[in-house]
Amino acid sequence: MSEGFDQAEGLRRMKKANPVRVLAVASGKGGVGKTNVSVNLAVSLAHLGKRVMMLDADLGLANLDVMLGLHPKYNISHVLSGKRTLEEIILTGPAGIRIVPAASGIQSMAELGPAQHAGLIRAFSELGQSMDALIIDTAAGISDSVVSFSKAAQEVLVVVCDEPTSLTDAYALIKLLSREHGLFRFRIVANMVSSLQEGRELYNKLTRVTDKFLDVMLDFVGVVPYDEYLRKSVRKQRAVVEAFPRSKASMAFKEMARRVESWPIPSGAGGHVEFFVERLIQAGQSGEKGML
Ligand SMILES: Nc1ncnc2c1ncn2[C@@H]1O[C@H](COP(=O)(O)OP(=O)(O)OP(=O)(O)O)[C@@H](O)[C@H]1O
Ligand SMILES: [Mg+2]
């Protein structure tokens with residue numbers, strides 16, 4: 001009898017739980033525009049009426065806050081140590097997006113006890129009720145943390161630009177995530193390009209190699225043009241879509257947000273934010289250091 005009750009309760013919770021779109025933004029190579037893509041996509045989704053949260057997963061140089069001129073006093077390590085609640089560490093950014101600052105000290109999820117895991121899942125699932133999208137700005141390179149966040153997300157956006165090392169590093173990332181971790185679908189964003197055609201060519205170059213050597217599917221999301229206004233906005237510590245909404249880069253981000261909005265969110269368990277945290281913890285336990 002109690003089992004029947006538990007199942008009914010579980011189903012009720014499932015129905016109540018809000019499906020959340022979870023996107024990880026990665027690139028392999030550093031400096032190709034991950035943070036700018038993350039922030040401007042987040043703000044553009046917020047402009048479309050979505051409730052957006054960002055996770056700054058760049059543990060080395062937590063540059064999301066720097067990019068937005070924010071000054072976090074606490075970060076996720078304070079939540080893990082029980083000193084602060086998740087709500088208490090969250091910062092509010094442009095267009096009301098909410099930002100969870102990363103830990104500057106490295107903490108392995110594998111080192112956390114079950115009580116901390118449960119606490120983290122509970123905290124995120126409560127937040128999930130007031131969130132439509134979670135965007136994760138990952139670090140450069142192909143570290144364990146990049147792998148963990150990419151595996152836990154529903155979609156991985158890979159940012160590339162027109163530099164040979166950008167394509168080779170993106171390839172290395174996709175190879176690692178597909179061969180070692182079973183990911184097979186990646187969304188490609190071409191940044192700092194001069195035309196749509198140049199972006200498509202970059203995508204085609206990458207696809208030619210992945211088609212030959214890997215079992216993956218690459219989708220072309222679109223391009224962000226090289227834009228001086230974006231550089232200006234970085235110097236002002238503002239999102240370009242807010243500082244210069246009519247610039248070419250801003251138009252591209254708006255278009256990208258509309259496209260992202262049209263992607264289906266997995267229905268059922270995978271679409272809820274607590275499952276993202278559970279996948280993150282699993283990644284940590286399977287030998288990678290899943291770090292926050
Ligand atoms: N579309 C663009 N047009 C012009 N400049 C750009 C564009 N995108 C990025 N940049 C420039 O590249 C710099 C690096 O961008 P960003 O910090 O977003 O890259 P990143 O991939 O997050 O870097 P890191 O690997 O260090 O985290 C920006 O400060 C900006 O000057
Ligand atoms: Mg960055």
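Biologist: How exposed is Glu255, with its relative accessible area of 33%?

Modeller: This is a predicted model, and Glu255 in it counts as partly exposed, since its value of 33% falls between the cut-offs of 20% and 50%. Arg258 is likewise partly exposed, at 47% relative accessibility.

Biologist: Which residue forms a salt bridge with Arg258?

Modeller: In general, side chains of opposite charge can pair when their charged atoms come close. Here Arg258 pairs with Glu255, and their closest N and O atoms are 3.4 Å apart. Both belong to helix H12 (residues 248–262), where a spacing of three residues separates them by about one helical turn. An α-helix has 3.6 residues a turn, so residues three or four places apart point the same way.

Biologist: How many salt bridges does the structure hold, and which residues are linked in a network of them?

Modeller: There are nine salt bridges, and a network of them links Glu155, Arg185, Arg187 and Asp219. Glu155 bridges to Arg187, with 2.8 Å between the closest N and O atoms. Glu155 lies in strand S6 (residues 155–160) and Arg187 in strand S7, so this pair ties together parts 32 residues apart in sequence. Glu155 is buried at 9% relative accessibility, and Arg187 is buried at 6%. Arg185 forms a salt bridge with Asp219, the closest N and O atoms again being 2.8 Å apart. That pair joins strand S7 to strand S8 across 34 residues of the chain. Arg185 is partly exposed at 36%, whereas Asp219 is buried at 18%.

Biologist: Which side chain of opposite charge is nearest to Arg98, a buried residue without a salt bridge?

Modeller: A salt bridge requires a distance within 4 Å. For Arg98, the nearest side chain of opposite charge is Glu87, 4.3 Å away. Arg98 lies in strand S4 (residues 98–100), and its contacts beyond its sequence neighbours within four places include Val52, Met54, Leu91 and Ser130.

Biologist: How is the largest pocket read, and which element gives the most to its lining?

Modeller: One considers its volume and then its lining. The largest pocket holds about 450 Å³ of space. Its lining has 22 residues, of which Gly31, Gly33, Asn36, Met192 and Leu230 are the closest to its centre. Helix H10 gives the most, with four residues. By type, the lining comprises 10 nonpolar, seven polar and five charged residues.

Biologist: Is helix H7 largely enclosed or largely open?

Modeller: Helix H7 (residues 144–152) is largely enclosed by the rest of the structure, because seven of its nine residues are buried. Among them are Val146, Phe149 and Ala152.

Conventions: Residues numbered from 1 in each chain as written. Chains lettered and ligands numbered in written order. Predicted model: local features only at pLDDT ≥ 70, side-chain atom pairs only at ≥ 80, totals over all residues. Heavy atoms only, no water. 1 Å grid on protein atoms, 1.4 Å probe; cavity = no way out; pocket = protein on both sides within 12 Å on 5 of 7 lines; lining within 4 Å. Points joined across faces, edges and corners; volume = space filled by probe spheres on them. Helix = DSSP H or I, 4+ residues; strand = E, 2+ residues; numbered from the N terminus. Nonpolar A, V, L, I, M, F, W, Y, C, P; charged D, E, K, R; others polar. Buried < 20%, exposed > 50% of the residue type's maximum accessible area, 1.4 Å probe, protein only. Lys, Arg positive; Asp, Glu negative; His and termini not counted. Contact = heavy atoms within 4.5 Å.
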